[in-house]
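Here is a short briefing for a first look. Have the sequence and the 3D view at hand.

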Amino acid sequence: MTEPRDPAEEKPIRVGVIGCGQFMSRQHIQTIARNPRLVLQHLAAREEEEVRRVGDRYRAKRCTTQWEDVVADPDVNVLVVGVVPRLHREIAVAAIEHGKPVYVEKPLAETTRECREIADLARRRGVPVAVGFNRRFAPATDLLHRAFRNAGAPVSVTYRITDDDRVRPPAQNWKRQCRLLIEVVHIFDLLAYLLAAEPVAIYAAESRFNDASVVIEYDNGSRATILSSSYGSLAQPKEHLTAVFDHSAVEMTDFVEFRAYGLPDCPALERFAGRPYDDCDNSHVDAFAERGLEALLAMRERYHRAMQEAGVLTDSSNPESWRRASLLLGNPPLPQINYAPDKGWGRALEVFCLAAAAGSTPPNASAMDGHRATVCAEAARRSIETGQPVTIDRSFDVT
Ligand SMILES: NC(=O)c1ccc[n+]([C@@H]2O[C@H](COP(=O)([O-])OP(=O)(O)OC[C@H]3O[C@@H](n4cnc5c(N)ncnc54)[C@H](O)[C@@H]3O)[C@@H](O)[C@H]2O)c1
């Protein structure tokens with residue numbers, strides 16, 4: 001006999017989305033469109049043409065160029081925000097003041113003071129705030145999490161996260177600012193989550209701007225070294241983790257392949273399917289599940305070659321280069337290469353929306369987690385500038 005369904009559980013969840021740029025239109029808006037419980041109720045972007053184009057494609061009930069309309073819309077149950085980080089604080093505060101659960105893309109805000117303000121306000125008002133640290137929800141992270149839990153402390157970790165910044169079109173120039181804040185916050189969060197520990201000191205040095213090594217000490221004796229660079233190659237996997245436990249170890253490459261060494265409770269090798277995208281060649285989804293890293297490397301090589309031959313890597317401001325690139329990427333095209341693995345974007349948002357609608361505490365990274373990550377970014381920047389290690393106290397004040 002099947003259990004009778006609680007009708008409240010089946011009620012549609014009406015989502016308001018602020019921002020529909022290159023990330024939001026591929027990730028959160030496609031997640032909402034695919035999930036039968038989620039309705040794209042109200043969509044905002046700065047330009048009328050952009051919000052109409054994305055809104056029509058994904059059947060938004062309402063569209064606006066004023067984000068305040070989405071926050072104030074009484075039909076919106078949950079908000080998702082992903083615009084330029086400069087605006088995150090103002091929108092998050094408005095959402096909390098309207099009592100709306102809000103999922104804010106990373107970074108939560110540009111400064112630790114702003115993050116703290118959001119976290120304090122959310123706690124006082126009892127409004128759930130999540131930060132888009134999606135890697136916590138990647139299938140590969142489930143295995144990492146299990147390995148870290150079983151191993152105990154201390155752990156020594158290295159994490160490489162590299163991009164080729166030459167590939168950014170002019171509209172994405174804001175992403176060339178400090179990588180520690182724009183990108184590495186993901187890793188500051190992931191490491192604190194896996195290690196179940198708080199950072200207590202950071203030392204960082206840069207060979208040139210956005211080419212940094214960061215060493216973090218944790219309160220359980222663990223230590224992590226992050227290599228973060230904008231001078232990487234598209235042909236190389238973007239991310240790689242190695243963790244050394246007590247005569248055992250794990251490695252994870254780009255959320256596509258996981259390996260364990262000397263850990264009887266973990267599979268020695270696991271591969272993970274890629275993430276599919278609308279209007280794209282999605283052959284990578286099964287290829288990653290079947291051939292793992294080998295398939296990722298082949299896809300990256302093809303993507304890199306297309307960008308190089310099209311001239312994007314020599315001049316990403318030339319629309320003609322992008323037109324040539326789209327021809328070389330095929331019809332339908334390969335998806336954006338960094339989005340090919342499943343880094344947990346869909347699951348993170350779905351889990352948040354369902355928990356917020358049910359009135360329970362979402363298991364996502366919280367505003368305080370967002371604050372911690374921004375504290376780490378700020379501490380690393382200060383260490384680079386002073387040449388000295390920077391300590392972080394228990395209240396996340398950098399001293
Ligand atoms: N979690 C991840 O893996 C990941 C990856 C990439 C980007 N992101 C984050 O997602 C967010 C958006 O990134 P993107 O790549 O879509 O950026 P983008 O530059 O492509 O788009 C920015 C969007 O913000 C909108 N916008 C700007 N000012 C606005 C305003 N005043 N009112 C309403 N809308 C406004 C623009 O219209 C556009 O839709 C950023 O916070 C970024 O850090 C997260």
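Helices (H or I, at least four residues) and strands (E, at least two) are DSSP runs, numbered from the N terminus. This is a predicted model: local features need pLDDT of at least 70, side-chain atom pairs count only at pLDDT 80 or more, and totals for chains, interfaces and linings use all residues. Residues are numbered from 1 along each chain as its sequence is written.

**Helix 13**
- Helix 13 covers residues 345–358, 14 residues in total.
- Gly359 follows helix 13, and its phi is positive, near 75°.
- Buried residues of helix 13 include Trp345, Leu349 and Phe352. Buried means that 20 or more other C-beta atoms, placed from the backbone, lie within 10 Å of the residue's own.
- The cover over these buried residues includes strand 1 (13–18), helix 2 (28–34) and strand 2 (38–44).

**Nonpolar core**
- The largest nonpolar core has 118 residues, and Leu79 and Leu191 touch the most other members.
- Domain 1 (7–135 + 346–364) and domain 2 (139–343) both contribute residues, so this core lies between them. The domain bounds come from an automatic or database domain assignment.
- Such a core is a set of buried Ala, Val, Leu, Ile, Met, Phe, Trp, Tyr and Cys residues joined through C-beta atoms within 7 Å.
- Leu191 touches Val157, Tyr159, Ile216 and Ala224, not counting residues up to four places away in sequence. Contact means C-beta atoms, placed from the backbone, within 7 Å.

Note on methods. The expected span of a helix is 1.5 Å times one less than its number of residues. A residue is buried if 20 or more other C-beta atoms lie within 10 Å of its own, exposed if 12 or fewer, and partly exposed in between; C-beta atoms are placed from the backbone. Two residues are in contact if their C-beta atoms, placed from the backbone, lie within 7 Å.
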